[in-house]
Amino acid sequence: MSPALSEARLQALQARIRPHFLFNSINAVLSLIRLEPRRAEVALEDMADLFRVLMADNRELSTLAREVELTRQYLNLEQLRLGARLRVEWHVDNMPEEALIPPLVLQPLVENAVYHGIEPNSGPGVISINAYKSRGEVHLVLRNPYRRDGSHHAGNKMALGNIRERLSLHFDAEAGLRTTVSDNTYQVHIVLPYRTAQPQAARPQEAVA
């Protein structure tokens, strides 16, 4: 695929990302404004950051650290309405923060995990997020509860297909996404090459007359 076509396709795929959580978050923030105004203010700041990313030109790669931070902000918003039902386990102490990944890969996966794994259940559920580097590759592993009775799982494949195609456009066959389903757990495992931003070359010193 030519660079121009790749750029156009990335733009089209980015436009298909649907931040459904924002509508729920607005209602959650409204309920906080009088009772907990400071908490509502922080939530609005998180929403503003997420809006900026969603509306930006996201064809360029982002750092893993930035993507994790955006995902934390998203989960803070979901915590407002789900409370103790949403539990998150982060395993990112050894993640390569500077690694480059396509923007808005982790957050949509976590949003899927909330929608398909947490919301259908009345009790608490755990989302596990693991990011690490191994043998020149970056691994992102996400696990959430799973129920096989699941009309609530419709639409999951569309989001996964979007991410698969964006990974392919950025990294060709070097990146991949696979899913695994057990009796009560759904897992998404992304593997992509470890790349970092190239440091800018130092400017040559001007000759002294």
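Residues are numbered from 1 along each chain as its sequence is written. In this predicted model, local features need pLDDT of at least 70 and side-chain atom pairs count only at pLDDT 80 or more, while totals for chains, interfaces and linings use all residues; side-chain values use heavy atoms, without hydrogens and water.

Five strands form an open sheet in the order 2-4-5-7-6, with mixed pairing. Strands (E, at least two residues) and helices (H or I, at least four) are DSSP runs numbered from the N terminus, and two strands pair if DSSP finds at least two bridges between them. Strand 2 (86-91) and strand 6 (176-181) are the edge strands, each pairing on one side only. From one strand to the next, the twist averages 15° (axes are lines fitted to C-alpha atoms, for helices over the stretch in contact, with angles from 0 to 180 degrees between N-to-C directions).

Seven bridges link strand 4 (residues 125-134) and strand 5 (residues 137-145) in the antiparallel sense; Ile129 has Leu142 of strand 5 as its bridge partner. Helix 4 (residues 64-82) packs on the sheet and touches strand 2, strand 4 and strand 5, contact being heavy atoms within 4.5 Å. The direction of helix 4 makes about 165° with that of strand 2.

Strand 6 and strand 7 (residues 185-193) are antiparallel over six bridges, and a hairpin of three residues joins them. Leu177 stands opposite Ile190 in strand 7.

Leu30 lies in helix 2 (residues 21-32) and is exposed, with a relative accessible area of 53% (exposed means over 50%, buried under 20%, partly exposed in between, with a 1.4 Å probe and protein chains only).
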